[in-house]
Amino acid sequence: MPRALITGVTGQDGYYLSKLLLEKGYEVYGLVRGQNNPKIDFIREELPDVTILTGDLLDVSSLLRALGKANPDEFYNLGAISFVAYSWENASLTSDVTGKGVLNALEAVRLHSGDDLRKVRFYQASSSEMFGKVQQVPQSEMTLLWPRSPYGVAKVFGHYMTINYRESYGMHASSGILFNHESPMRGPEFVTRKITMAVARIALGKQKRLALGNLDAQRDWGFAGDYVDAMWRMVQQPEADDYVVSTGHTHSVRSFLDVAFNHAGISNWDKHVYQDPDFFRPAEVDLLVGDASKAKEVLGWEPKVSFEDLVRMMVDSDLERERATKD
Ligand code: NAP
Ligand code: F7E
């Protein structure tokens, strides 16, 4: 039975990746931080077959201890401070966790592996935010990186550190440059889930208005369930490499609002949505659209869920959740 250790198991991707690996017959270990993390109960309920280990990306010795307990064949580094807006307010912490945390994870895997540096296959969760002020449309593995936030800068550090460990030590370390991916498990701070939660509440008469920032930003949004399959495929390759994972289609926040409100039977969202300067960012990433030809060619990976189906899935899930709760 193959064994996998996942950091960030309490996050959106940790959930979908755990489910995928368990279905494939893996023994799955999930790293959870903090002394009484409130999300532990969720993991115990929703993913009872995942073995929880405690540890933190800021603490190399905790990573070494987790590696010793799990003795994994594959290490998926999904842990990060992942909210871009928050990264300006906590730039140093974001650099430590999202940037230096990758180095800590690579170093722990290297030390754990002893003489057999290909013993553990490593996956790094890199991001399309590294493209920032895009220098090419669409963006591919060869596009120059120009990050626009402390989060993006930290991800660039992690990305190149992963490549460096592959080139320096011959480690099987891959970096997936994933474009935005969403699901009903998406954190409520991200724009897609913020919208679908509000749409459900507005449709049920529980809320009237929704404050947003820049409605013109364009993103290449895919479904998280499809994207974790791309992570797994990367790790199965004979040689480690870097891959863009995206749908190749881009949509504005406005288009997301159109589809979401329409699906809930509300044709005119203008009267519900207003713009609040608090939600604008010091520097914006205006347009992201990925070229995932390499992932298609080498990994045989393609997204299955369309933009419209993704939005409808999220609205339906939030409608169901809101119907089941009072207030
Ligand atoms: P998420 O839902 O925000 O989950 C982040 C995870 O990181 C949580 O489990 C969190 O644990 C954990 N974490 C935070 N600080 C940590 C620390 N110091 N030590 C160990 N773990 C820590 O993010 P996601 O959407 O699943 O994304 C997974 C990864 O892919 C992240 O690295 C993200 O930056 C990257 N990524 C995401 C997207 C996307 O569109 N979703 C696209 C490209 C790249 P707690 O529950 O304890 O906070
Ligand atoms: O913003 C605009 C905002 O926070 C998307 C993370 O998973 O994907 C995610 O980063 C866009 C931005 O995601 C609001 O200005 C407007 O242009 O949902 P988001 P993100 O910043 O693209 C990348 C690939 C990652 O790697 C990250 O970890 O929507 N926007 N109004 C808003 N965004 C938010 N959050 N809230 C608003 O009210």
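This is a predicted model: local features need pLDDT of at least 70, side-chain atom pairs count only at pLDDT 80 or more; totals for chains, interfaces and linings use all residues.
**Entry 1: H9 against H11**

I looked up which residues touch here: Ser255, Phe256, Val259, Ala260 and His263 of H9 meet Phe307, Glu308, Val311, Arg312, Met314, Val315 and Asp316 of H11 (contact means heavy atoms within 4.5 Å). Sorted by class, the contact of H9 with H11 has 7 nonpolar, 2 polar and 3 charged residues (Ala, Val, Leu, Ile, Met, Phe, Trp, Tyr, Cys and Pro count as nonpolar, Asp, Glu, Lys and Arg as charged, the others, Gly among them, as polar).

Residues are numbered from 1 along each chain as its sequence is written, and side-chain values use heavy atoms, with hydrogens and water left out.

Next I checked the geometry. The axes of H9 (residues 253-263) and H11 (residues 307-324) come within 9 Å and cross at roughly 50° (lines fitted to C-alpha atoms over the stretch in contact, angles from 0 to 180 degrees between N-to-C directions; helices are DSSP runs of H or I, at least four residues, and strands of E, at least two). H9 and H11 are therefore oblique to each other (under 35 degrees is roughly parallel, over 145 roughly antiparallel, 65 to 115 roughly perpendicular, the rest oblique).

**Entry 2: Ser175**

I found Ser175 in strand S6 (residues 173-178). Ser175 counts as buried because its relative accessibility is 0% (buried is under 20% relative accessible area, exposed over 50%, partly exposed in between, with a 1.4 Å probe and protein chains only). The Ser175 side chain makes a polar contact with the His159 side chain at 2.7 Å (N or O atoms within 3.5 Å, one able to donate a hydrogen and the other to accept it).

Conventions: Chains are lettered from A and ligands numbered from 1 in the order in which they are written.
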